[in-house]
Amino acid sequence: MTDEPTSRALIAAYKACARPSAAAEAELWATLAAAERADARDPGRRSPSRAPWLALAAGLLLLAAWQLDLARIFASGHVLQDMRDLAAYDAAEPDPLEARPREESAGAVRWLETVKREAETRASPGRQRAAAGHGRGSPARASRAAADEPGLAEGGDGAPGADAREGLAGDGDRVLAEMALLQEARAALRGGQPETALALLDRHAESFAGGSMTEERQALRVLALCAAGEVARGADEAAAFLRAHPRSTYAARVAAACPEGHVQKDTSEDR
Amino acid sequence: MSKTLDTPLTSAEFAAEVECGAPSLREVFARHLGTVWRIARAFGVPADDADDVAQEVFLVVHRRLHTFQPSRSLPAWLFGITRNVVLMRRRAHTRRERRLSAVEPPLPPREPEASFELRQAAAFMQEFLDGLDEDKRMVFLLADIEGLTASEIAEALEIPLGTVFSRLRAARLKLEQFSQRLRARSLRRPHDR
């Protein structure tokens, strides 16, 4: 095939290979099937969107107000504005089905550039040289090196000696060490070793109790508990996570992690 | 626009095939998982994260399948969900996800059961797709890889039919040039040895 690559052959090969692996497909379907079973047991989980009901209620109220000649009172007061605000708020909720693509805002782009510049300024000259030499891959290697460094991977606080030795002091390196540990846990989870992942997450909780990636750790912990078969605990922690982080980007995955445990989650799609 | 054997069915064809109004989640999943995954990749989602995107998409499908109107194109509907899941992830993840992706370990080889030649050809195709701008990439993916009709693509991308055809023509021309370069490379290879 590669001796005479035709467009058709390339497309056929791409369709055959560019898709989830068989194991990932089975895992995806298992999650969906479990969600279906949970729905079958508890049909009330699919709550309808509030938006149409709010619109209907607002319309009826306006009609009633007009008929009772109260429109003037409403218009002059705050009630109508409150209703408009409520409807606007509901309409502004992100909906994966209705939201339309939008360019990244210029503000966000500027913010990212500023963060990048700040990170480059904070980096030591040695690390800058490494980054220049290794391109995109170097942060990953640097972080893995940080994870292998006992002072960072286990202590997190970083003994002064260790900091001076490796030049890895500062908040940025703590974050890298946090990420590396979480990444290890994530890799263990993906590799079918949820118990290892849980141990790594416990280690993360000890080392970075006030860290900046608590939300990621908690989400991963729910996934790991469910994968380890600790459905009841997983469901409890999922419910706690969703209460603490109702708008988390991990909410959908956390809610779906332990469907057998009946995690109640009103996801953003349903709002 | 020709259709391949495993072309995803339009919603009408799908409904006719399963002899009922709305397809089941299982059927949608079995037929369109690959499509959803590849659309996510075409939006720039890394291969490893595309599994997560696919899961989120099908969770939305699971919740919303009862609202799907059979008069609409099912692939176009799925495209819209996938696009919006990707966009929501992009907005929500921002710094955290970017930092996490910076320490992503090397990916395990996908589909190790596929032959070397097949994986190499797929990698060439990925290289070609990565080289296209997003507008042409989406049209080409939906038309020549996923087999959607021009009107379905126009519906999914919310662009005029004429634009679909012009982008597809341009993408096909680029693929032809890309294939010629590959052929030239493979012809040169024996002499290099």
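The structure is a predicted model, and the values below are computed from it. In chain B the residues are B:Ile39, in helix 2, and B:Ser73, in the loop between helix 3 and helix 4; in chain A the subject is helix 14, which spans residues 231–244.

**B:Ile39**
- B:Ile39 sits in helix 2 (residues 25–42) of chain B, and because its relative accessibility is 1%, under the 20% cut-off, B:Ile39 counts as buried.
- Apart from its neighbours within four places in sequence, B:Ile39 is in contact with B:Phe79, B:Thr82, B:Met138, B:Leu141 and B:Leu142.
- The C-alpha atoms of B:Ile39 and B:Ala54 are 9.5 Å apart in space, while the two residues are 15 residues apart in sequence.

**B:Ser73**
- B:Ser73, in the loop that runs between helix 3 (47–64) and helix 4 (74–102) of chain B, also counts as buried, with 5% relative accessibility.
- The side chain of B:Ser73 reaches the backbone nitrogen of B:Ala76 at 3.1 Å, and a polar contact of 2.9 Å joins it to the side chain of B:Glu152.

**Helix 14 of chain A**
- Helix 14 has 14 residues and reaches 20 Å from its first C-alpha to its last, close to the 20 Å expected at 1.5 Å a residue.
- Its buried residues are A:Gly234, A:Ala235, A:Ala238, A:Phe241 and A:Leu242; seen down the helix axis, they fall within an arc of 125 degrees, so they line one face of the helix.
- These buried residues pack against helix 13 (214–227) and helix 15 (251–257) of chain A, whereas the face turned away from them carries the exposed residues A:Ala232, A:Asp236, A:Arg243 and A:Ala244.

Definitions and conventions: Residues numbered from 1 in each chain as written. Chains lettered and ligands numbered in written order. Predicted model: local features only at pLDDT ≥ 70, side-chain atom pairs only at ≥ 80, totals over all residues. Heavy atoms only, no water. Helix = DSSP H or I, 4+ residues; strand = E, 2+ residues; numbered from the N terminus. Buried < 20%, exposed > 50% of the residue type's maximum accessible area, 1.4 Å probe, protein only. Contact = heavy atoms within 4.5 Å. Polar contact = N/O pair within 3.5 Å; in protein donor to acceptor, adjacent residues only side chain to side chain. Expected span 1.5 Å × (residues − 1). Arc of directions from axis to C-beta.
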